[in-house]
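Subject: Structure for you to look at

Hello,

Here is the structure I promised to pass on. Please open it beside this note; my findings follow below.

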Amino acid sequence: MPGTRKTRKKTDAAPGAHEALPYEQVVERLEATVERLEAGELPLEDQLAAFEEGMQLLRAGQKLLDGAERRVEKLLADGAREPFEDED
């Protein structure tokens, strides 16, 4: 269609691309994305791209937290002692 073009924005990322990031980077990028959206100065297409990236980051962060929780539960189930338990 003349006059219209589809360009990939800087905020566009392939699905799963955020999963390789460490948790702290995920949170940092999610906060930056939220700030851009809250500023309300992005055109609609950029808002949608930023929202999509935010959702991907949110899922990636939740996946990392779930994994950390499973690791802690496994450590506790494998006979790890309760934290701060005194030996008598």
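A patch, as used here, is made of residues with over 30% relative accessible area and no salt bridge, and nonpolar side chains are joined within 5 Å. One such nonpolar surface patch is formed by Tyr23, Leu64 and Leu65. Together they have about 230 Å² of accessible area. Leucine 65 sits in helix H2, residues 44-77. It counts as partly exposed because its relative accessibility is 40%.

Please keep in mind that this is a predicted model.

Now the overall picture. The protein chain has two helices and zero strands. Of its 88 residues, 16% are buried. The chain exposes about 7,500 Å², with 55% of that from carbon and sulfur atoms. Among contacts with a separation of 6 or more, 67% are between residues 24 or more positions apart.

Glycine 40 follows H1, and its phi is positive, near 70°.

Threonine 33 is worth a look. Is this residue buried or exposed? Threonine 33 is buried, because its relative accessible area is 2% and buried means under 20%. This threonine belongs to helix H1. A polar atom of its side chain lies 2.9 Å from the backbone oxygen of arginine 29. Beyond neighbours within four places in sequence, threonine 33 contacts Ala50, Glu53, Gly54 and Leu57.

Best wishes

How values were computed: Residues are numbered from 1 along each chain as its sequence is written. This is a predicted model: local features need pLDDT of at least 70, side-chain atom pairs count only at pLDDT 80 or more; totals for chains, interfaces and linings use all residues. Side-chain values use heavy atoms; hydrogens and water are left out. Helices (H or I, at least four residues) and strands (E, at least two) are DSSP runs, numbered from the N terminus. Buried means under 20% relative accessible area, exposed over 50%, partly exposed in between (1.4 Å probe, protein chains only). Contact means heavy atoms within 4.5 Å. Accessible areas come from the Shrake-Rupley method with a 1.4 Å probe; for residues, only the protein chains shown count as cover. Patches are made of residues with over 30% relative accessible area and no salt bridge: like charges are joined within 9 Å, nonpolar side chains (Val, Leu, Ile, Met, Phe, Trp, Tyr) within 5 Å. A salt bridge is a side-chain nitrogen of Lys or Arg within 4 Å of a carboxyl oxygen of Asp or Glu. A polar contact is a pair of N or O atoms within 3.5 Å; within protein, one must be able to donate a hydrogen and the other to accept it, and residues adjacent in sequence count only if both atoms are side-chain atoms.
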